[in-house]
Amino acid sequence: MSLLLGPMVQHIPGRKDLTDHSDAKTLMPKKTVYIPVFAGPVTQAEILVNEGDHVKVGTKLANTKSAFPVPIYSSVSGIYKGTVKRPHNSLKPQLHMVIDLDEIQESQQAFPPLDWHSASHEEMVEFTKNTGIIGQGGAGFPTYVKYQNVEKIDTLVINAVECEPYITADYKCIMDSVETFIHGVRILQKMAEVQTVKIGVKVSHPDLIDYIKQEITRENAAGIEVVGVPDVYPMGAERTLIRTLTKREYDRLPGECGVIVNNAETAILIARAFEKGEALSKKYVTFSGEGLKYPVNVTVPVGMVVSEIIEQLGGYIEKVETLKLIAGGPMMGKAMVSDQISIDRAMNAITVLKNENYEEMTCMRCGRCTAHCPMGLQPVRISNAVKANDAVEMEKRGAMLCIECGLCTYVCPSHIQVTENVRKAKRTLQMKAKRK
Ligand code: SF4
Ligand code: SF4
């Protein structure tokens with residue numbers, strides 16, 4: 001299977017077949033979880049429990065401190081042992097809450113469920129805020145924020161595209177819980193106060209499209225339609241998907257063109273919260289790549305350490321030091337220096353690949369990176385501006401518009417880390433903006 005890219009008809013091996021036909025495995029840590037406080041831009045939290053407290057699955061542990069605060073709930077039952085700084089997929093050590101598991105694994109309702117059929121818009125948004133649910137598409141942005149002001153919104157897009165190679169977590173969790181998924185979509189439809197909902201699924205997953213269609217019919221869910229989208233990369237990027245499904249463009253945020261986008265797993269979490277009072281505690285995560293002996297999807301508690309999951313799955317094909325471990329997929333994910341990171345609330349994949357260290361060569365000005373950039377940027381020029389430390393040029397070339405899809409690096413025949421350079425440009429411009 002392959003993904004067809006942009007104007008140059010470039011193929012990327014999808015390798016979804018490694019995991020999409022086998023059942024997801026449910027795993028539990030033997031002793032300890034380390035629940036990250038960090039999510040998206042949030043690094044601090046008010047901890048609500050004391051060392052030595054017994055907590056259950058669903059106990060509120062903390063409230064994040066940010067402009068958009070959300071609570072963090074426990075994913076296991078056991079004894080809270082305090083906080084520790086540990087490796088994290090943000091590539092910096094971050095604060096984690098440590099819980100030693102007990103043998104009982106008791107659960108409690110994290111909050112009372114809410115009858116969404118009769119609830120007002122304000123009640124639904126306030127409820128969502130208290131669920132602690134953050135977007136499962138990668139950025140980890142609190143879900144309630146998108147729904148606070150829906151006056152100009154007329155369309156909800158559910159992103160079930162999953163265009164990154166190797167990752168099948170969304171596919172798996174919808175196939176396992178299609179009824180809950182459609183309930184979640186209906187709840188989000190009501191909270192967005194829209195009639196039109198489009199669920200984007202790649203045409204290469206006709207089984208998933210049929211399955212969702214049948215459930216929409218069974219539920220008699222008016223206004224909700226599943227749309228097959230081309231199997232191209234990066235079709236799952238918000239901007240590309242909105243363009244394909246609605247023919248609309250926006251500058252900074254989808255709300256500007258009347259659209260809210262949520263990921264498929266977010267919809268499932270929303271349904272569990274509204275209908276059962278469950279907080280985000282377990283996650284579907286794809287563990288895949290040629291570096292693993294047995295690639296598979298897993299459901300694991302938030303905070304379980306990656307090395308322990310891989311050990312329970314049968315391990316690496318060779319020493320981890322010789323492999324490339326990526327949090328996320330190979331295109332948009334970040335290479336990790338340690339497998340001691342734990343599963344965070346927005347993580348959907350760990351990809352382990354054989355390490356192919358190509359030597360970076362001189363740019364041959366072939367223009368492939370520009371021809372493939374879905375944002376219409378000239379990545380090579382931004383990359384050159386980074387090398388010259390020229391922030392004015394980085395800004396002029398629109399570095400901040402980059403969606404970090406990874407295509408420019410993928411297509412570069414000189415093996416230049418173009419995406420990484422564009423990321424550096426974004427960081428430089430962000431720091432410059434903060435200093436103003
Ligand atoms: S990573 Fe950024 S610059 Fe490179 S192709 Fe993707 S959007 Fe364009
Ligand atoms: S793809 Fe690589 S070699 Fe070609 S122009 Fe871009 S940076 Fe240069």
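Reader: Which residues are found around ligand 2?

Author: In this predicted model, the residues around ligand 2 are Cys363, Met364, Arg365, Cys366, Gly367, Cys369, Val380, Cys412, Pro413, Ser414, Ile416 and Val418.

Reader: What makes up the shell around ligand 2, when its residues are sorted by class?

Author: The shell around ligand 2 divides into nine nonpolar, two polar and one charged residues. Arg365, which is one of the residues around ligand 2, is charged because Arg is grouped with Asp, Glu and Lys, and Gly367, also in that shell, goes with the polar residues because Gly is placed among them.

Reader: Which residues surround ligand 1, and what classes do they fall into?

Author: Ligand 1 is surrounded by Cys373, Pro374, Met375, Pro379, Cys402, Ile403, Glu404, Cys405, Gly406, Leu407, Cys408 and Thr419. By class, this shell has nine nonpolar, two polar and one charged residues. The space that ligand 1 takes up is the largest cavity.

Reader: Why is Glu404 called partly exposed?

Author: Glu404 has a relative accessibility of 21%, and the class of partly exposed residues lies between the limit of 20% for buried and that of 50% for exposed, so Glu404 counts as partly exposed. Glu404 sits in the loop between helix 11 (391–396) and helix 12 (407–411), and it is one of the residues surrounding ligand 1.

Reader: What is the phi of Glu404?

Author: Glu404 has a positive phi of about 55 degrees, although it is not a glycine. Most residues other than glycine have a negative phi. Tyr166 is another residue with a positive phi, near 75 degrees, and it too is not a glycine.

Reader: Is Tyr166 buried or exposed, and how do you know that?

Author: Tyr166 has 9% relative accessibility, and buried means under 20%, so Tyr166 counts as buried. Tyr166 is placed in the loop between strand 11 (155–159) and helix 3 (169–176).

Reader: What kind of peptide bond leads from Tyr233 to Pro234?

Author: The bond from Tyr233 to Pro234 is cis, with omega near 5 degrees. Most peptide bonds are trans. Pro234 belongs to the loop between strand 14 (232–233) and helix 6 (238–246).

Reader: Why is Ser281 counted as buried?

Author: The relative accessibility of Ser281 is 13%, which is to be set against a limit of 20% for buried residues, so Ser281 counts as buried. Ser281 lies in the loop between helix 7 (264–276) and strand 16 (282–288), and, leaving aside its neighbours within four places in sequence, it is in contact with Val57, Ser74, Ser75, Val300, Pro301 and Val302.

Reader: What makes Lys30 an exposed residue?

Author: At 70% relative accessibility, Lys30 is over the 50% that exposed residues have to pass, so it counts as exposed. Lys30 is in the loop between strand 3 (25–26) and strand 4 (32–36). Lys30 and Met304 are 274 residues apart in sequence, while their C-alpha atoms are 9.5 Å apart in space.

Reader: Why does Gln340 count as partly exposed?

Author: Gln340 has 33% relative accessibility, a value between the limits of 20% and 50%, so it counts as partly exposed. Gln340 is found in the loop between strand 19 (334–336) and strand 20 (349–354), and it touches Arg86, Pro87, Val305 and Ser307, when residues up to four places away in sequence are not counted.

Reader: What is the pLDDT of the chain on average, and where does it stay under 50?

Author: The chain averages a pLDDT of 92, and 96% of the residues score at least 70. Over residues 1–9 the pLDDT stays under 50.

Notes: Residues are numbered from 1 along each chain as its sequence is written. Chains are lettered from A and ligands numbered from 1 in the order in which they are written. This is a predicted model: local features need pLDDT of at least 70, side-chain atom pairs count only at pLDDT 80 or more; totals for chains, interfaces and linings use all residues. Side-chain values use heavy atoms; hydrogens and water are left out. Helices (H or I, at least four residues) and strands (E, at least two) are DSSP runs, numbered from the N terminus. Buried means under 20% relative accessible area, exposed over 50%, partly exposed in between (1.4 Å probe, protein chains only). Contact means heavy atoms within 4.5 Å. A residue is near a molecule or strand if one of its heavy atoms lies within 4 Å of it. On a 1 Å grid over the protein atoms alone, a cavity is a set of points where a 1.4 Å probe fits but cannot get out, and a pocket is an open set with protein on both sides within 12 Å along at least five of seven lines; lining residues have an atom within 4 Å of a point. A molecule sits in a cavity or pocket if more than half of its atoms lie within 2 Å of its grid points. pLDDT is the predictor's confidence in each residue, from 0 to 100.
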